[in-house]
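Colleague: I am new to this structure. Please take me through one part of it closely, and then say what lies around that part.

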Amino acid sequence: MLLIRNGNLHLPGGEVLAECDLLSQEGRIVRIGRGLSAPDARTLDAAGKEVLPGFILPVTSVGLTDYANLRQGDANEVSSPNQAGLHVRYALDSREVALQRYWLSGITSFGAAPGGGAVLAGQMGVYHIAGRNASQMCVKDTVAVKGNFTAQVKSTFGGKGKAPMTRMGMAAQLREALGAAKRWTEEEKPEPNANNAALARVLSGEIPLLMNVHTAGEISAVLDVASDFGVKVILNTAYQAHLVLDVVRRTNTPVLLGDLFDRGARIEYGTDVDAVLSLKESGLPVGLSCSSGGAGRENLLWNACRLVQMGYASERVLDMMTAENARILGVDGLTGSIAEGLWADFAVYNGNPLERWDAEVAATVVAGETVYTKEGGAVC
């Protein structure tokens with residue numbers, strides 16, 4: 001048991017419970033209130049501090065890179081454009097995750113996803129930042145089939161002199177893969193096929209396709225193919241979503257914003273952040289991701305601070321890093337908020353990091369375990 005005392009608990013929608021207690025047991029939040037008592041619990045004094053839900057880095061291939069053998073990294077299987085049957089659990093290296101020191105920025109979970117080389121790159125899951133293996137770290141084993149519809153795919157296969165080398169080729173490959181899986185599901189006794197089995201879950205609506213896209217043309221093409229099969233899509237790094245908002249709204253497609261730095265994709269693609277965030281008014285979740293490499297723990301927080309600098313309320317931005325990311329990935333019933341019944345995933349800051357440059361993490365808690373304290377360092 002862990003008892004957090006007298007912290008300012010940040011709930012979704014901007015609600016803050018001042019000087020409130022939180023009790024977790026067996027990794028879950030069991031009670032929230034004032035004056036809680038638990039004689040057998042470990043106690044963490046959060047008086048005067050901000051208790052934020054753990055940030056979720058929604059899409060990253062960190063943990064699959066194999067730093068010891070970069071030429072043979074485990075994130076990108078590009079022997080063919082359709083690798084939907086692969087799963088990140090078999091490539092996730094907890095030691096590599098630990099090297100990121102996510103706890104320093106209050107990140108408690110992340111979406112581990114295959115890389116950007118194949119049209120259908122494999123299945124992704126959501127994992128805690130602490131644990132010895134994928135099983136111990138798992139929040140939800142399979143949340144989507146990760147795909148890509150960007151210039152990186154064209155470059156990957158164009159270098160091999162094989163399809164897809166164009167946007168037409170990528171669309172054809174995506175349509176062919178979904179069509180093959182649909183026919184497979186209609187067979188009376190289908191032969192085992194990992195790619196078709198994974199895409200069958202997409203076709204049934206059990207899980208979505210999470211697609212890396214950048215331009216309006218890429219977004220439109222993906223949504224056009226997906227709509228023909230009735231497939232749910234998540235748009236990741238959709239920098240030009242503002243140009244096709246009508247299609248995004250009509251197809252009820254959530255969006256993950258990519259990097260918002262003053263040099264980079266936001267400027268290159270002319271992203272209208274106001275327009276993209278207006279999707280929220282239509283009931284569509286808009287989350288915050290990052291895509292430029294480097295330390296994800298820094299990039300996610302930098303992107304969030306950039307939104308605050310652009311005039312968005314800090315609590316709205318906090319929701320985009322937590323509750324909205326969880327909703328988009330289908331884990332909002334497990335993590336992403338401070339609420340009874342959810343995993344005890346949160347960070348205790350000495351100030352709001354979206355409002356104060358000098359705010360630091362005093363403690364990071366993952367599944368009820370204190371994995372970092374400022375005084376004692378990392379303990380995971």
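Modeller: What follows looks at one helix, then at a pocket and the cysteines. Keep in mind that this is a predicted model.

Start with helix α4, residues 167-186. At 1.5 Å a residue, its 20 residues should span 28 Å. The end C-alpha atoms are 29 Å apart, which agrees.

Next, the buried side of the story. The buried residues of α4 are Gly169, Met170, Ala171, Leu174, Ala177, Leu178, Gly179, Ala181 and Trp184. An α-helix has 3.6 residues a turn, so residues three or four places apart point the same way. What do the buried residues of α4 pack against? Their partners include the strands β8 (120-128), β9 and β10 (209-212). The helices α3 (151-158), α5 (194-203) and α6 are partners too.

Two of those names return at the second largest pocket. β9 (138-148) and α6 (216-229) each supply at least two residues of its lining. The pocket has a volume of about 420 Å³. It is lined by 25 residues, and the closest to its centre are Pro208, Lys232, Val233, Asn252 and Pro254. The lining divides into 13 nonpolar, 8 polar and 4 charged residues.

Last, the cysteines. The structure holds 0 disulfides. Cysteine 290 is in none; the nearest cysteine sulfur, that of cysteine 305, is 13 Å away. Cysteine 290 has 10% relative accessibility, so it counts as buried. Cysteine 20 has 2% relative accessibility, so it counts as buried too.

Definitions and conventions
Residues are numbered from 1 along each chain as its sequence is written. This is a predicted model: local features need pLDDT of at least 70, side-chain atom pairs count only at pLDDT 80 or more; totals for chains, interfaces and linings use all residues. Side-chain values use heavy atoms; hydrogens and water are left out. On a 1 Å grid over the protein atoms alone, a cavity is a set of points where a 1.4 Å probe fits but cannot get out, and a pocket is an open set with protein on both sides within 12 Å along at least five of seven lines; lining residues have an atom within 4 Å of a point. Grid points are joined across faces, edges and corners, and a volume is the space filled by probe spheres set on the points. Helices (H or I, at least four residues) and strands (E, at least two) are DSSP runs, numbered from the N terminus. Ala, Val, Leu, Ile, Met, Phe, Trp, Tyr, Cys and Pro count as nonpolar, Asp, Glu, Lys and Arg as charged, and the others, Gly among them, as polar. The expected span of a helix is 1.5 Å times one less than its number of residues. Buried means under 20% relative accessible area, exposed over 50%, partly exposed in between (1.4 Å probe, protein chains only). Contact means heavy atoms within 4.5 Å. A disulfide is a pair of cysteine sulfur atoms within 2.5 Å.
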